[in-house]
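Please consider the protein structure shown below.

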Amino acid sequence: MKNIPFEQSAPFSLGVELEFQILAKTTYNMVARADEMLAMFPKPEIDHAAGEFLQSIFEIQTGICANIDEVELDLRHMVEVAEGIAEKCDCLLFASGIHPFALPTEQVVSQNERYLRIMHELQHVGRQFISQGLHVHIGMSDRETAIKVCDVIQAYLPLLLALSTSSPYFTGDDTGFQSYRTKLFEALPLAGIGEYLGNWDAYLEMVHTLLEAGVIKDTCDLWWDVRPSPYFGTVEIRVCDMPSYFSDILALSAMMQALAVYIVNVDVSSERINPQLLRFNTWQAARHGLNGMFTDPLSIFLETRQTSRAAILEILKHIEPVMLELGSAKWADRIRHIIYNGTSSDRQRHLVEERGGLKDMVAQLQS
């Protein structure tokens, strides 16, 4: 069995990817302008910008950052450049897990060989997939450490989802969910809750089985909520909706980094988690957000069933000293702000009730 190299990376370094919707300035609807924007990007920024599955989605990426302060500087610069180019295209960039009223039938698939192959397979399921997320890479010292972090942190992904929810509306309807993006994503093959890996050899065996069976063409076809990224030497956390507020992006990234450090440096052992419990915790976060119920499958932080809101506050007690060491302690207060004031989904519903329309809500959230 051929080995897959796990590239070297600085432990707990960060790389952050943001997926934005491209909106027309007049209608606030999604428009297919990603190729046009990419053609206008300057060097070296073009190396950290990319089109996505749909032409109406645009991704920006940081470089390799040593800490959250570097992430903030990098993202502020890239967002400023991207917004300036969007302005030249008579567009704007919008951040949420799903556009609230865009129609899947009106979206244009990117003319990329991989994306076209995926769409050919997914058909109607793929055409519904107009969602955007926040992806965070965390550098790992070695491959076994990466496997351990994936296995343990998976238990707490529903809490990260609860903090990031920003997709209550789909095709003009209130879905009743805080994160309907999660439900769309779960319809995709090889997406959502990942496998318990145990060790690198088990991961390697699983990947080779899938490769030989033609299920995947590369490890990046495993669209799990958390996955090893061997080519970057990282663990990639993909569970979150795209937050609508820049401060929330930084706070969530800081929390993920601190959780990873805690898992590595504290005597925390991984074990196979009951998949029904994982699915239930994820459902609660997607459906009810911070008001959903959470049971700690590994009993590392909690002994009793609590709301996601209470569980996150309890976890902060454990990881805030880590955040202090990492220089990111101020972002713990932003996590508390989300807990006490609500997520983007809460804000979106409030604005719709206040202003009476989805277009007005997008305009207000954008301002």
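The largest pocket has a volume of about 990 Å³. A pocket here is an open set of points on a 1 Å grid over the protein atoms alone, where a 1.4 Å probe fits and protein lies on both sides within 12 Å along at least five of seven lines; lining residues have an atom within 4 Å of a point. Grid points are joined across faces, edges and corners, and a volume is the space filled by probe spheres set on the points. The lining of the largest pocket comprises 46 residues, and those closest to the pocket centre are Glu17, His135, Arg227, Glu236 and Arg238. The model is predicted: local features need pLDDT of at least 70 and side-chain atom pairs count only at pLDDT 80 or more, whereas totals for chains, interfaces and linings use all residues. Residues are numbered from 1 along each chain as its sequence is written, and side-chain values use heavy atoms, with hydrogens and water left out.

Which elements supply at least two residues each to the lining of the largest pocket? They are strands S1 (14-24), S2 (49-51), S3 (57-61), S5 (133-139), S10 (226-229) and S11 (234-241), together with helices H3 (113-122) and H7 (180-186). Helices (H or I, at least four residues) and strands (E, at least two) are DSSP runs, numbered from the N terminus. S1 provides the largest share of this lining, five residues. By class, the lining of the largest pocket holds 19 nonpolar, 17 polar and ten charged residues. In this classification Ala, Val, Leu, Ile, Met, Phe, Trp, Tyr, Cys and Pro count as nonpolar, Asp, Glu, Lys and Arg as charged, and the others, Gly among them, as polar.

The second largest pocket contains about 340 Å³ of space. Its lining has 17 residues, and Phe20, Glu83, Ala95, Ser244 and Phe246 lie nearest its centre. Two or more lining residues come from each of S1, helix H2 (68-88), strand S4 (91-94), helix H9 (246-265) and helix H14 (358-366). H2 gives the largest share of the lining of the second largest pocket, three residues. The lining of the second largest pocket divides into twelve nonpolar, three polar and two charged residues.

The protein chain as a whole has 14 helices and 13 strands. Its radius of gyration is 19 Å, close to the 21 Å that the globule rule gives for 367 residues, so the chain is as compact as a globular protein of that length. The radius is taken over C-alpha atoms, and the globule rule is 2.2 Å times the number of residues to the power 0.38. Along the principal axes, the C-alpha atoms fill a box of roughly 55 × 45 × 35 Å. Of the 367 residues, 57% are buried, where buried means under 20% relative accessible area, exposed over 50%, and partly exposed in between (1.4 Å probe, protein chains only). Among contacts (heavy atoms within 4.5 Å) with a separation of 6 or more, 75% join residues 24 or more positions apart.

Helix H6 (residues 157-164) illustrates burial: eight of its eight residues are buried, so the helix is largely enclosed by the rest of the structure. Among its buried residues are Leu157, Pro158 and Ser164. Aspartate 248, in helix H9, is also buried, with a relative accessible area of 5%. Not counting residues up to four places away in sequence, aspartate 248 touches Pro243, Arg334 and Ile338. By contrast, glutamate 325 in helix H11 (residues 308-326) is exposed, with a relative accessible area of 71%.

Most residues other than glycine have a negative phi, and most peptide bonds are trans. Phenylalanine 12, in the segment before S1, has a positive phi of about 70 degrees although it is not a glycine; this residue is buried at 17% relative accessible area. Threonine 171, in the loop between strands S6 (169-170) and S7 (173-174), likewise has a positive phi, of about 50 degrees, and counts as partly exposed at 28% relative accessibility. The peptide bond from lysine 43 to proline 44 is cis, with omega near 0 degrees. Proline 44 lies in the loop between helix H1 (34-40) and S2.
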